[in-house]
Amino acid sequence: MLLLGCIKEVSHYELVISLPNGLSGFVPVTQISDAYSKMLSKQVAQGELLEDLNSLPDMYSPGMLVRCIVTSVEKNADGRRSVKLSIDPKKVNKGLNASALASGMVLSGFVSSIEDHGYLIDIGVSGTHAFLPHQKAQNYIKAVLRGSDLKIGQNLNCVIVEVKNEGRVVRLSIDRSEVAASLATERQNWTLSNLLPGLVVKARVQKVAPLGIKLSFLSSFTGFVDFMHMDPEKSTSYSPDQVMKACILSIHPTSKVVRLTLRQAFLHPGGSPNQLSSDRIGAVVEESTVKTFYKQFGAVFELDDGTLAFARLKHLSKTRKSFKPAAFKTGCKHKCRIIDYSLMDEMCIVSLKYQIIEARFLQYQDIHTGDVVQGKVFALKPIGMQVKVTDGIKGLVPSMHLADVILKQPEKKYNRGDEVKCRVLECNPAGKKLILTLKKNLIQSKLPVLSNYEDAKPGLVTHGFVVCARDFGCIVKFYNDVKGLVPKNELSSEPISCPDKVFHEGQVVKVMVLKCEPQQERLLLSFRLSGKPAPEDKKECTPKKKQEVKYQIGEMVDVKVLKKKDNGLEVSILEDEGSGIAVIPTVHLSDFASNCKLLWHCLREGDVLPRVMCLSAKGEHIILSRKSAVISAVQEEQVVRSFSEIQPGMLLTGYVRNVMPFGVFVEFPFGVTGLAPKVSMSDKFVTDTKDHFVVGQTVIAKVMSTDEEKQRVLLNLKVSECSSGDSAAESFALLNQYFKEMKEIRNLFRRRAESGMAQGLCELVPGKELQLVVQDVKEDGSALFSGSCVTGLSVTAARYHVGGE
């Protein structure tokens, strides 16, 4: 069966495809195209990575429409059906032959090789040589791929521009305007045996029924539009003989039944359907209103925000017997929970089942490291035991974590279907990876959960497990793969000559943190929980006490630069030059990341910096900050001094402490830290967190929720959520501050400029008009300039700023 699908998730080994009517399917990495499969085989045979082989996440992203063919429908181990698909053009376009090709046809093609003047495209038609010239790909490369070249194995929507030698040679275009404007016509000689999903046709209404509409198209074909694919804006206003655009969704191979959609997102080839923000999945809607009820299928609801949602029949009640059709008359209200989003139907999928509405976990995103979960034993494997937490969530208990000691024959202790209580060691929602432990001492531990290096403050006592005991000491692991070293002298108050005889792999231990360097991910631990700290700590303890009393956090001081270091400035405090050395890290020189580097470059030893704020007085040094937004937040008392003061909804000014693949850690004055998960980082779709934030960047964060027990704060960094009201005034104040700092930097440059070039740089103020000559235009669309007023400087305009010239 041929279907139009939309990519929902991308991993290195498969694409998860959203299909019409809320279904899902999977495309394995081997079912992309012939050229891509050959490169995969070559890489496996050579045993090393090929430079020109791109991974699936490099070429595919959620929201892309693809034409697929069903290769098999299999039953999983848990009785669910799994639909396997292929997007290989040899299978999808198998109904086409060289003589049937005509100009104007839209079909799927895959890049099979990159040539000097363009690309060879595999369109799956034997005996046909398809070529895409460079100029027909430029518009697509600029707009969609942001300037990066097409890659082998990439899926493209191609329109045939020219057919030569009875279809043996065809010229293609992927120009977005040409693809979007194309319509399937009778001239293109489509037949029921080669009709393709994704084609946009002119159709005429034949009959309007409660469950859908019957249409005729391409003069002699008929097809059906079901209730989920009528345009929601016009669903009640269709009438016989009305002419409209429709898009083919699926073609059944034997019955030749064609299904179409009238939804706007599909009526231009190359478009993509609307996506739902991922934080909406899992939301409970107190009152959803029944719009229509279909006794064979389910019900369509209107949610609290006006969007439509669909509940399948089995999700309307706990069991078939308890189902009451009278409760689903138009206008009836029900409580439901959003359990999924169907991209192809642009609709939320909801459930009214009590056990789903009340479920603690619905998707991997709901599970956090350190959570205690109930599950059922699903399968025993050589690497460990699979545990089913809910229908859609499975986790792995590695062999080492099956019990407090390592089990030689786990099958004697556990049987399939056994209920088990586990604790989450690691959860990666993006990779659907959940690692659990069954060690009682970890599950029952009341000590704090150590799941990132930032939380490893000296003096913290927590539980971990030994992963290796050697002559140098023990390596102890915690949650989220955080690990540290217990050196030999910290193993016990008595000397231990052979640690491997005293400690064993998998043993749960109580440890104390001695020292942590989060940037280097280095952690020093001790098993000696009571008694005095080791001698090397004594030296650090005395100045610590003296300074903590001396300077309070938030105190303003004037400082003099003593020394420039790679990561900041060493300074002395002018009021009290004997108080030891203070440090201003480079990232704390300004609220603006670009200005921090410039200021560090301009400042010299002996320079005096007025009004710098004390940020922390712990450890060897006093840490100072020059971030004006952070200083004003402290002075206006818009800060929290401890975890207990935090309330959801608060807006707090802080700075990025660490950028991880799963989110951003933000620190606030007085040491409170919070996490903004990937979904709450930006109003844009986030693929790589490092593209959005840098360490030290000043941010305004909104508190979403707090967890007293784990001392955890969840934040939102979306600009749309973090404005206190007058966003225009806030933006202008920030710009004003930026230009003020630029002026300060320019003056420093001017005073110190050894060369004429640096002097020239000072004269270039924002808004100044220059007469320049274009030197070069790069592949990504940016331009390079030269001119007498910018001699020796490199001058560029990004592709967004070349003004369409």
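Reply: What follows describes one aromatic cluster and then, briefly, a helix elsewhere in the chain.

The model is predicted. It holds 11 aromatic pairs. Phenylalanine 227 and tyrosine 294 form one that is stacked, with 3.8 Å centre to centre and 25° between the planes. Phenylalanine 227 lies in the loop between strand E13 (221-226) and strand E14 (243-251), while tyrosine 294 belongs to strand E16 (residues 284-294), so this pair ties together parts that are 67 residues apart in sequence. Phenylalanine 227 and tyrosine 294 are both buried.

Phenylalanine 227 also forms an aromatic pair with phenylalanine 310, and this one is tilted: 5.9 Å centre to centre, with 50° between the planes. Phenylalanine 310 is in strand E18 (residues 308-312) and phenylalanine 227 in the loop between E13 and E14, so the pair ties together parts that are 83 residues apart in sequence. Phenylalanine 310 is buried, as is phenylalanine 227. Together with Phe297, the residues Phe227, Tyr294 and Phe310 make up one aromatic cluster.

The helix is H11 (residues 628-635), in which Val630, Ile631, Ala633 and Val634 are buried. Seen down the axis of H11, the buried residues fall within an arc of 160°, so they line one face of the helix. Their cover includes strand E31 (556-565), strand E34 (608-616), strand E35 (622-625), strand E36 (651-660) and strand E39 (698-707). Just after H11, glutamate 637 takes a positive phi of about 60°.

Note on methods. Residues numbered from 1 in each chain as written. Predicted model: local features only at pLDDT ≥ 70, side-chain atom pairs only at ≥ 80, totals over all residues. Heavy atoms only, no water. Buried < 20%, exposed > 50% of the residue type's maximum accessible area, 1.4 Å probe, protein only. Helix = DSSP H or I, 4+ residues; strand = E, 2+ residues; numbered from the N terminus. Arc of directions from axis to C-beta. Contact = heavy atoms within 4.5 Å. Phe/Tyr/Trp six-rings, centres within 6.5 Å; stacked < 30°, edge-to-face > 60°.
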